[in-house]
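Please open the model in your viewer and keep the selection panel at hand, as each stop below begins with something to select.

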Amino acid sequence: MAKKMWAGRFEKATDKDVNDYNSSLPFDSRMYEQDIRGSIAHSQMLAKQGIISQQDADDIYKGMISILEDIKTGKLTFDSDAEDIHMFIEEELTNRIGDAGKRLHTGRSRNDQVALDQRLYLVDEAQGILQGIDDLVEVLKDIALDNIYTYMPGYTHLQRAQPITFAHYLSAYIEMFLRDIERIDAATARANFSPLGSGALAGTTYPLDREAVAEDLDMNGVTLNSLDGVADRDFAIEFASAISIFMMHVSRMSEEIILYSSQEFKFYELDDAYSTGSSMMPQKKNPDVAELTRGKTGRVYGDLVSLLVIMKGLPLTYNKDMQEVQESLFDVIDTVKAVLPPFTGMLKTMTIRKDNMEAAALGGFTNATDLADYLVKKGLPFRETHAISGKLVHYCIENNTTLEKLPLEKLKEISEVFEDDVYDAISLKTCVEGRSLIGGPAPETVKAYLESL
């Protein structure tokens, strides 16, 4: 078993079960690039400050680059006896370059080192996630532009309510995802501050240049309290929260994809490449991508709750409980990265059944409100017109017809103010195009919105 870097205080070796229990290498090894980047920046700063020699810093740099290359190519594998990625790399460095490697940790603790690595890893991974969501928005935008005049029913309580367009519907999710991008970007920006120099909890007496290290690592600055620098995991919680909200949005959309691709709706036909079948029922075409996305949302929520519970009762500063933060954070990142490609591909390849959407809008009395508004424009009070429209809807249901198919004579039996222009007033085209306020479903309004993105 490898000798611990901190073994000077102890007379006994760590029990094997404790060593295995304590080790975080199986999951924090993924941060090897960030750990090496941070160590190189730290060692270069130490040399500039005259704390170690430039020769030592150069040797550390060369050793770190060789370790990085060897890990990437598989030439160097992780030692299962190592406590964590930080100890593994430092021990390997010392084996390669000798005493210079032992000087790397000057003015640094694993407490501020691991906090730095986690922040750097989060920032690096966030870029790919943000790009994935941006790609999703672009796909939705393209589909929406092709469906500016595709009418469909809008729903409340999952009951047909008023006519909209499919482009307007997709734009609602575009708005959600744009907010998600802003939230994730803001959380990433707040994470991108260097805690290095906080030491174990109280900083160090060495004349470190913390700002230089942060600048070297392309970070936005340094943390301003050494206790908070090592004890804070808000950045992980906030990032997980932002991802959870994004996952809530894709889960809502997944729910509607599952509904709208069913035989009862037939608004969508999912591509064969993004569907699965049944081992028993040959007719089945299952929306597994949407269903699995809906399920993985709960998994991300669980990670967020785990992070909150882990941190909720910890005294300042570092506690070993915080090692558990890493697995939850990594799982959030892995899950959302796994969701984005198939979810985006499913949307990009699905077929839109425009005729079924329009038929649903026509058959669900979605123009009943416009009928009431028509009568208001004829001078009747809204409460009276609301009752008239309701009576006509009831009549249509009893007689298996729709409002626009009622003869004028029947309409006049209810109210003499009806005229021939009522049919134009309650057409889907008029109902939708008349709602041209900012944020409304009118085709020109939605088109202008999409083109402004």
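Select helix H11 (residues 234-260) together with helix H13 (residues 323-349) in this predicted model, and look at how they cross: the crossing is left-handed. Their axes come within 10 Å and cross at roughly 30°; since an angle under 35 degrees counts as roughly parallel, H11 and H13 are therefore roughly parallel to each other.

Next, show the side chains between the two helices. On the H11 side, the residues in contact include Phe239, Ile243, Phe246, Val250 and Ile257, while among those they meet on H13 are Leu329, Val332, Val336, Leu340 and Phe343. By class, the contact of H11 with H13 has 19 nonpolar residues, 1 polar residue and no charged ones.

Now widen the selection to the largest nonpolar core, which has 70 residues, and colour Phe166, Phe177 and Tyr268, the members that touch the most others in it. Helices H7 (110-145), H8 (166-191), H11, H12 (288-311), H13, H14 (354-363) and H20 (443-452) each supply at least two residues of this core, and H11 gives the most, with 14 residues.

Centre the view on Tyr268 and display what surrounds this side chain. Leaving aside residues up to four places away in sequence, Tyr268 touches Phe166, Tyr169, Glu256, Ile257, Tyr260, Ser261, Met350, Thr351, Ile352, Arg353 and Met357.

For the last stop, select Leu25, Leu46, Ala57 and Leu120, which are among the 31 residues of a second, separate core.

Terms used. Residues numbered from 1 in each chain as written. Predicted model: local features only at pLDDT ≥ 70, side-chain atom pairs only at ≥ 80, totals over all residues. Heavy atoms only, no water. Axes fitted to C-alpha atoms, helices over the stretch in contact; angles between N-to-C directions. Helix = DSSP H or I, 4+ residues; strand = E, 2+ residues; numbered from the N terminus. Parallel < 35°, antiparallel > 145°, perpendicular 65-115°, else oblique. Left-handed = near helix turned anticlockwise from the far one by under 90°. Contact = heavy atoms within 4.5 Å. Nonpolar A, V, L, I, M, F, W, Y, C, P; charged D, E, K, R; others polar. Core = buried A, V, L, I, M, F, W, Y, C linked by side-chain atoms within 4.5 Å. Buried < 20%, exposed > 50% of the residue type's maximum accessible area, 1.4 Å probe, protein only.
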